[in-house]
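The sequence and the structure are shown first.

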Amino acid sequence: MDKQEFLEKAKEVYKPASYARIVKAFEYAEERHKDQYRLSGEPYIAHPVEVAAILMDLGMDKNSIIAALLHDVVEDTGAKESEIKEKFGGTVTSLVHGVTKLSMLNFKSKEEAQAENYRRMFLAMSNDIRVIIIKLADRLHNMRTLSFKDPASRQRIAQETLDIYAPIAARLGIASIKGELEDLALKYLHPEDYKYIANKVAATSDERVQFVNRIIARIDAKLKEIGIKAEINGRPKHFYSIWRKMKKGKSFEEIYDLHAIRIIVDTVKDCYEVLGTIHTMWKPLPYRFKDYISVPKSNMYQSLHTTVLSSVGVPFEIQIRTHEMHRIAEYGIAAHWKYKQGEKFSTDANDQKLAWIRNVMELQSEVDDSSEFLDMLKLDLYQDQVYVFTPAGDVVNLPSGSTGIDFAYNVHSEVGNKCVGIKINSKMAHLNTPLSNGDVVEVITSSASKGPSRDWLNFVVTPSAKAKIRAFFKKEMKEDNIRRGKDMLEKEAKRRGYNLGELMACEEWKGYIQKKYNTTQADEIFAMIGYGGLTTNQVVVKMIDCFKSHIEQGNVLDIKPARAEGGTGGGSGVLIKGYDGFLIRFSHCCNPLPGDKIVGYVSRGRGVSIHRADCPNVATYEPERLIEASWPAGIGEKFTASVNIEGDDRTGLFSDVATMLNNMKIYMTGISAKADKEVGTAVVTVTMEVDNLDTLDYVINKLRSIKGVYNVYRKSK
């Protein structure tokens, strides 16, 4: 659409005063974007004009059109928001601010930037729903011109569109945008599949048009006969929808709803009368009837769907709806626009059509981390719905697999927090029982309840329920969360061979948490782990990365003297003379045992490793890092040792070794054998657990008594 076409269309749609403001915005954007060009070679102003045109087709208000024209001037031209506010007002500025990307901020990764961008978009949406509709129009035009991007960018943008933007359009009920986004994404993500489907559709086009026209003619004649006024037309199926069905194992020819008829009538009464008439004309297929008028979808969609069998055995789908329902099906939330003379968009709690938007608003306010918000948003976007009823008969739609606890938190946070029981169809049920379509759900609450159980996080489905449960633990049980989180973190660090205190003392780690979580307090991190806002894996992996970076920069461990007498090293039982508090690990290169002379080596990032004093590797280490170590009396632990048993290659040697060790009650962690057929010898290698060097010597002597064994010795490696 060129400049003149756009302005003429705007003049037809909007009142003179509104049109004058749109012209002013166009001229401002055109001036700001002058000398800027898209990859296609066309002037950059073409993009905001196309975005604004898409919004005009949706019937959006003047401020949305103005914001669309200006949506890139802050990011791409250096225009100041203060200037936009002065020229076009606070509402337009707020919309532009909400749509603006975050490329001007510094992020450590593209994923982090993307997550924060979505979070900011939904934060803006919580104040004004127009932000997301403008963003969808922006993405749609970018997808229409995606061919000018490089292949890697095409793949990334198409996948992002399929993952986030198309599902959002679906949730908002904007079918006209959702279908085109999906088809365009398919074109770039699976070009061969797209081409195949396009060719098949084109090849059967004439036949399909003739079939549909015959069906329409029959329906039209019948409805005129019974006096019902209707618009009847064929509905082409989107390529992406065909592709999804083919991915489930169907051939192109087996997808019967390629043939679809849409009947639009004046009243709801007419919808059901037409349905009855259709079922007298053709046989309906069982289990293929859906009544979305009585129970609308969560995105406001209403219609009757039925699949019937033609006289020649070809199944086809018929959709029946009113004109208002059709407008909502095509334009979704944009069809329910409530802006009047600057009045803000209503998000009244009684407006069920906005239920999903309210859930997202709650989610963004209850989740601190942008990446977690994005993960939970994706989870919410991709779940099918289940429709249940309150005892009063109100319909509640929830993601498929939802439980009574999800239902309770959907009612209100306090209802969920005080829930002590659930009744499904008047019968008591387990809290984790999945709900089914048509269930009547009643929540039993108690003021004496101390709050939700942490176990609920294991079975609730809705992101908002998860967020509310975590919010409860975060607020109400901070001290417990700190203790629990610290304990969990210490265990995970120790499991990975690190000392938590050393990891947390690293300056790189302190800088990271200040930037990432806006805190320098370790307790805040412990609390987040304790209430489930962070996982130990997330934190420890980052800690280790920071610690290694610290070491690679040439920093040496700060070894602080402790008591004059030796102290235990992290509970291992080994005494490290003059030092205390280090994590001890036993080196696998020599597997030291109590009774061996040992030495400690202060390793970079792994505490103190204990070696046998005669270990060959010790000679290669930096002398200043070697530290005196000794065994205490009665250590009482099991240690790993490996021995080689050399003998004649005979049948039964392997079995005799295993039997002897079993009779001695020696626990083997590994056993293998290798034979040399040319010289007739064999070597059996056994790894076992023993108490100390004396025990190992005793075992070695016993193994030497086995028939045909001529040498048994301890392995160094």
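Helices (H or I, at least four residues) and strands (E, at least two) are DSSP runs numbered from the N terminus. Contact means heavy atoms within 4.5 Å. Axes are lines fitted to C-alpha atoms, for helices over the stretch in contact, and angles run from 0 to 180 degrees between N-to-C directions.

This is a predicted model, in which local features need pLDDT of at least 70 and side-chain atom pairs count only at pLDDT 80 or more, while totals for chains, interfaces and linings use all residues. Residues are numbered from 1 along each chain as its sequence is written, and side-chain values use heavy atoms, with hydrogens and water left out.

Two strands count as paired if DSSP finds at least two bridges between them. Strand 18 (residues 639-648) pairs with strand 21 in the antiparallel sense over five bridges, and isoleucine 645 has valine 712 in strand 21 as its bridge partner.

| Strand pair | Bridges | Bridge partners |
|---|---|---|
| Strand 9 (residues 419-424) and strand 10 | three | Lysine 423 and methionine 428 |
| Strand 15 (residues 598-602) and strand 17 | three | Glycine 600 and isoleucine 627 |
| Strand 18 (residues 639-648) and strand 21 | five | Isoleucine 645 and valine 712 |

Strand 17 (residues 626-630) has a covered face of Ile627 and Ala629 and an uncovered one of Leu626, Glu628 and Ser630.

## Positive phi values

Most residues other than glycine have a negative phi. Serine 426, which is not a glycine, has a positive phi of about 70 degrees. Serine 426 lies in the loop between strand 9 and strand 10, and counts as exposed at 67% relative accessibility. Asparagine 591 likewise has a positive phi, near 45 degrees. Asparagine 591 is in the loop between strand 14 (584-586) and strand 15, and counts as buried at 14% relative accessibility. Buried means under 20% relative accessible area, exposed over 50%, and partly exposed in between (1.4 Å probe, protein chains only).

## Helix packing and nonpolar cores

Helix 9 (residues 130-144) and helix 11 (residues 175-189) pack at an angle of about 35 degrees, with their axes 10 Å apart. From helix 9, Leu136, Arg139, Leu140, Met143 and Arg144 meet Ile177, Glu180, Leu181, Leu184, Ala185 and Tyr188 of helix 11. By class, this contact has eight nonpolar, no polar and three charged residues. Here Ala, Val, Leu, Ile, Met, Phe, Trp, Tyr, Cys and Pro count as nonpolar, Asp, Glu, Lys and Arg as charged, and the others, Gly among them, as polar.

A nonpolar core is a set of buried Ala, Val, Leu, Ile, Met, Phe, Trp, Tyr and Cys residues joined through side-chain atoms within 4.5 Å. In the largest, of 70 residues, Phe6, Leu55, Leu70, Ile84 and Ile177 touch the most other members. A second, separate core of 45 residues includes Cys506, Ile513, Val539 and Phe547. Helix 4 (residues 62-70) is mostly covered, with eight of its nine residues buried, among them Ile65, Leu69 and Leu70.

## The chain as a whole

The secondary structure comes to 28 helices and 21 strands. Buried residues make up 48% of the 717 residues in the chain.
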